[in-house]
Amino acid sequence: PELQPLFEKDKPLILDFGCGMAQIPITLAMYLKTLGHSPQLFLADIPTFRLDFLKWFCQQQDLPARFASCTADHPIPPLPSCSLLIASEVLMA
């Protein structure tokens, strides 16, 4: 029931803070595409090879995605307004 409003939007934005490999937002976005929606992703995490891989993967899957790096100087980058926020397994010091 919590996700139902997401399915009512034509262009939902799914934001994953601490995305890791972003399995949940990517899977959800791909499913929304099969229903005729145009989901967008915003993925934020520490800058590692994973973000580079996700940029490539999202492009291959034709998933519009923006990326933000979480660094020591800027641990929480500016985040856009979104339809769904995922923040699991986030460690803050």
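A residue is called buried under 20% relative accessible area, exposed over 50% and partly exposed in between, computed with a 1.4 Å probe on protein chains only. The model is predicted, so local features need pLDDT of at least 70 and side-chain atom pairs count only at pLDDT 80 or more, while totals for chains, interfaces and linings use all residues. Residues are numbered from 1 along each chain as its sequence is written, and side-chain values use heavy atoms, with hydrogens and water left out. Helices (H or I, at least four residues) and strands (E, at least two) are DSSP runs numbered from the N terminus.

**Helix α3**

- The buried residues of α3 are Leu51, Leu54 and Cys58.
- Viewed down the helix axis, these buried residues fall within an arc of 55°, so they line one face of α3; the arc is that of the directions from the helix axis to the C-beta atoms.
- Exposed Phe49 and Gln59 are carried on the face of α3 turned away from its buried side.
- The cover over the buried residues of α3 includes α2 (23–34), β2 and β3.
- With 12 residues, α3 reaches 17 Å from its first C-alpha to its last, close to the expected 16 Å; the expected span is 1.5 Å times one less than the number of residues.

- Strands β2 (residues 40–45) and β3 (residues 65–69) run parallel and are joined by 5 bridges; two strands pair if DSSP finds at least two bridges between them.
- From β2 the chain crosses through α3 (residues 49–60) to β3 in a right-handed β-α-β crossover. Right-handed here means that, with the strands pointing away from the viewer, the path from the first strand over the helix to the second runs clockwise.
- Ala44 has Ala68 in β3 as its bridge partner.

**Cysteines**

- The whole structure contains 0 disulfides, a disulfide being a pair of cysteine sulfur atoms within 2.5 Å.
- The closest cysteine sulfur to that of Cys19 is in Cys70, at 8.1 Å, too far for a bond.
- Cys19 is buried, at 6% relative accessible area, whereas Cys82 is partly exposed, at 29%.

**Pro12**

- Pro12 lies in the loop between α1 (4–7) and β1 (13–17) and is buried, at 0% relative accessibility.
- Beyond its neighbours within four places in sequence, Pro12 is in contact (heavy atoms within 4.5 Å) with Leu6, Leu32, Ser38, Pro39, Gln40 and Ser83.
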